Amino acid sequence: MADSSVIADRGIPETGQPLSFLPKPNRIPGNGAVWVGIYAEMTEFALMFLVYFIAKVFHQEVFNQGPLQLNTLAGTLNTLALLTSSFCVAKAVASVRMNRITTAIRWLWGTIICAVFYLVVKTWEYYWNIEQGIEIETNLFFTVYYYMTFNHFLHVGWGGGAILWAIYRLKKGAYSAENHEGLEAIACYWHMIDLVWIIIFPLLYVLR
Amino acid sequence: MLITLTLGSALIAESAEPSLIITLVIAITVGVKGWLVVDYFMELRNAHRYFRIAMNLYFVVLPVMILLVYLFPEGIANLVDLER
């Protein structure tokens, strides 16, 4: 949570530039509520990863061959898109702390572009899969693949909706250097979406 | 760094045969990428320690699971087999 003492400690009023991007110690970024959501989502995906590991030890050959049939380019492009989107969100939060609202909005639009890019690439990948004869019931690896990636696809979709909401709130003047708890909460949620993909990508596209 | 690690993973996906070293590299890559995002993008590196520990632990357990599944698939299968 960003309060005025934090901002003052970092010298923004005098210099217009924070002394450090690191907020005060022992804080909870965003708010408590969003972390309930983040831990719930991380637990949900942890269960999916558990299913992946258990399915893999019982069907080693299928899980060794599966990644070779997937489109690595699509997986890599989506990883780069999500990492870039997380960078844009972090820059947006840093901009708001300097009261550069217009700049923050531009960074968030960068996030939206990355999110749309991700959704388009993933949709293209699903069509590409169908052309290769890869469907949900092809084998257990692809069942896990579709369940995990489509679930993540939905998260990127509604996470993008949250970013749009943040842009709307910024335009309405709801966030400032002194008060941007809501933006931080949305930023943390978006980073969580990126984190989950950081695990999904190697499990499904790389690991054999 | 994050982009380099991603491109490295893509290279492994396209060219490398499965081995302990490759699996170790992938597991470490997952851990490092996770820690970087948690510490720098989420800004948890000086946040409340319970929050930081919980998130960082996720990126210790997952890489360890990756290694264990590679090293002991039969043992884990026996452990979780409900019909045994």
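User: What counts as a salt bridge here, and how many does the rule find across the interface of chain B and chain A?
Analyst: A salt bridge is a side-chain nitrogen of Lys or Arg within 4 Å of a carboxyl oxygen of Asp or Glu, and across the interface of chain B and chain A the rule finds 1. This is a predicted model, in which local features need pLDDT of at least 70 and side-chain atom pairs count only at pLDDT 80 or more, while totals for chains, interfaces and linings use all residues. Residues are numbered from 1 along each chain as its sequence is written, chains are lettered from A in the order in which they are written, and side-chain values use heavy atoms, with hydrogens and water left out.

User: Which residues form the salt bridge?
Analyst: Glu43(B) pairs with Arg97(A), with the closest N and O atoms 2.7 Å apart.

User: What about the phi of Asn99(A)?
Analyst: Asn99(A), likewise not a glycine, has a positive phi of about 65 degrees, and its relative accessible area of 42% makes Asn99(A) partly exposed, a class that lies between the 20% and 50% limits.

User: Back to the interface: how many residues does the contact take from each chain?
Analyst: The contact (heavy atoms within 4.5 Å) takes 45 residues from chain B and 45 residues from chain A.

Note on methods. Buried means under 20% relative accessible area, exposed over 50%, partly exposed in between (1.4 Å probe, protein chains only).
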